[in-house]
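These are my notebook entries on one protein model.

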Amino acid sequence: MISPCQTDDHQYMARALRLAERGFYTTAPNPRVGCVLVKTGQIIAEGWHALAGEAHAEIHALEQAGQAAQGATAYVTLEPCSHTGKTGPCAQALINAGIARVVYAMEDPNPQVAGRGLDILEAAAIEISGPLLEDSARALNPGFIKRMQTGLPWVRTKSAMSLDGRTAMASGESKWITNPKARADVQRLRAHSCALITGVDTILHDHPQYTVRAADLGLEPDLAQRVATKQPLRVILDSNLRLPKDALILQGGGPILLVHAAAKHAQADDWPERVELLSLADTSDAKHKVDLIALLRELGQRQCNEVLIEAGATLSGAFVRRGLVDELIVYLAAILMGSQARPLLELPLESMAGKLELKITDIQSVGDNWRITAIPDREA
């Protein structure tokens, strides 16, 4: 491989990464990918993967360039694919178009195919450079990368809390801790998640729908409508099947996976058509709870890249305690709720030795609230 060192390479790859972001809400279960074609120092075509099942970024760019692609350099944020799925292999398409050089940001994260696309290109005497801006490329697709490498989705928790670390009053009352801008931000979190996970107690108390609403996304209207047509899978953990069949969440929106641990499986025909029942009992738990690891494996098999947990302190804390959370997003409001209110997470730690170390990766203002993003410090 040739190590990239030219300033122009960085400039064009940065452009390809920005293009890839245009598919942020719509590409799942595929990765977000951008492509730029350059010839004699000029961009001649651009493309990005916009929708799963449709043409990949390279194909869009090649179609735009036509015959001008002969002898050009392709900047691609992910190694060109070498296999045939719903579309043909992009590596072969680049060869057929007469591309002279390919600069890639990162290899295919699937260990079974990683490097094959590059090998095909090299065998066709195409010059290869990379990886380039790999960290930025990986940040675009944390869920796809993790699922390819482990079979599990990227797991986020979403919580809102007061300055004194409380998420609800002792009675359970919590509307609204955050401001409208923060709630719109949560809508966008939902929109780029393949699945939302919550618990039955949250459903019983708050009566949420957990839908993505176009009007609340704060996106350009056409994109917002497109995003809202693809609702994430709503996953309800209900160990003993306490969910009422007239619950608001069952009245609209997309599909629902009702996961339980009941000894006696309820009949599927007793529930609305959009509801699928799945038994995943944790046999090691005397309390007959749902097996959280088995649930994540199931979601990985269903090609879920990114999963958002919108639940109370008990369920969110259970995921954190088991080391199953990759990222925590906390919305912080400038209010105090008092010592009797409920905590952010149920974490029954008894000493500082048991504390969980985090790394804060981002802090942003959302109106007069703050959004804090943190990841577990696995090395602490």
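Which residues form a nonpolar patch on the surface? I found Ile-360, Ile-363 and Trp-370, with about 330 Å² of accessible area together.

**Basis.** I note that this is a predicted model, in which local features need pLDDT of at least 70 and side-chain atom pairs count only at pLDDT 80 or more, while totals for chains, interfaces and linings use all residues. Residues are numbered from 1 along each chain as its sequence is written, and side-chain values use heavy atoms, with hydrogens and water left out.

**Surface patches.** I recorded that patches take residues with over 30% relative accessible area and no salt bridge, joining like charges within 9 Å and nonpolar side chains (Val, Leu, Ile, Met, Phe, Trp, Tyr) within 5 Å. Accessible areas come from the Shrake-Rupley method with a 1.4 Å probe, and for residues only the protein chains shown count as cover. I placed Ile-360 in strand S15, residues 358–366; helices (H or I, at least four residues) and strands (E, at least two) are DSSP runs, numbered from the N terminus. Ile-360 counts as exposed because its relative accessibility is 57%; the classes are buried under 20%, exposed over 50% and partly exposed in between (1.4 Å probe, protein chains only).

I also looked up a negative patch, which consists of Glu-107, Asp-119, Glu-122, Glu-134 and Asp-135. Asp and Glu count as negative and Lys and Arg as positive, with His and the chain ends not counted; the place of a charge is taken as NZ of Lys, CZ of Arg, CG of Asp or CD of Glu. Helix H4 (116–123) and helix H5 (134–140) each supply at least two residues of the negative patch. Glu-107 sits in the loop between strand S4 (101–104) and H4, and is partly exposed at 36% relative accessible area.

**Backbone exceptions.** Most residues other than glycine have a negative phi, and most peptide bonds are trans. I therefore listed the departures from this pattern. The bond joining Ala-28 and Pro-29 is cis, with omega about 10°; Pro-29 belongs to the loop between helix H1 (7–20) and strand S1 (34–39). A cis bond also runs from Gly-130 to Pro-131, with omega near 0°, and Pro-131 lies in the loop between strand S5 (127–129) and H5. Leu-133 is found in the loop between S5 and H5 and has a positive phi near 55°. With 28% relative accessible area, Leu-133 is partly exposed. Thr-40 has a positive phi near 50° and occupies the loop between S1 and strand S2 (42–48). Thr-40 is exposed, at 77%.

**Helix H6.** Which residues of H6 are buried? In this helix (residues 142–150) I found Pro-142, Gly-143, Phe-144, Ile-145, Lys-146 and Arg-147 buried. Their cover includes H5, strand S6 (154–161), helix H10 (292–301) and S12. Lys-146 has a relative accessible area of 17%. Apart from neighbours within four places in sequence, Lys-146 is in contact (heavy atoms within 4.5 Å) with Gly-151, Leu-152, Pro-153, Trp-154 and Asp-326. Gly-151 follows H6 and has a positive phi near 85°.

**Salt bridges.** How many salt bridges does a search of the whole structure find? The search gives 19, each a side-chain nitrogen of Lys or Arg within 4 Å of a carboxyl oxygen of Asp or Glu.

I noted Glu-310 and Arg-190, whose closest N and O atoms are 2.6 Å apart. This pair links distant parts of the chain, 120 residues apart: Glu-310 in the loop between S12 and H11, and Arg-190 in helix H7. Both Glu-310 and Arg-190 are buried, Glu-310 at 4% relative accessibility.

Arg-188 pairs with Asp-185 at 3.3 Å between the closest N and O atoms. About one helical turn separates Arg-188 and Asp-185 because they are 3 residues apart in helix H7 (residues 180–191). Arg-188 is partly exposed at 23%, whereas Asp-185 is buried at 10%.

Lys-359 and Asp-377 meet in a salt bridge of 4.0 Å, N to O. Lys-359 lies in strand S15 and Asp-377 in the segment after strand S16 (369–376), so the pair ties together parts 18 residues apart in sequence.
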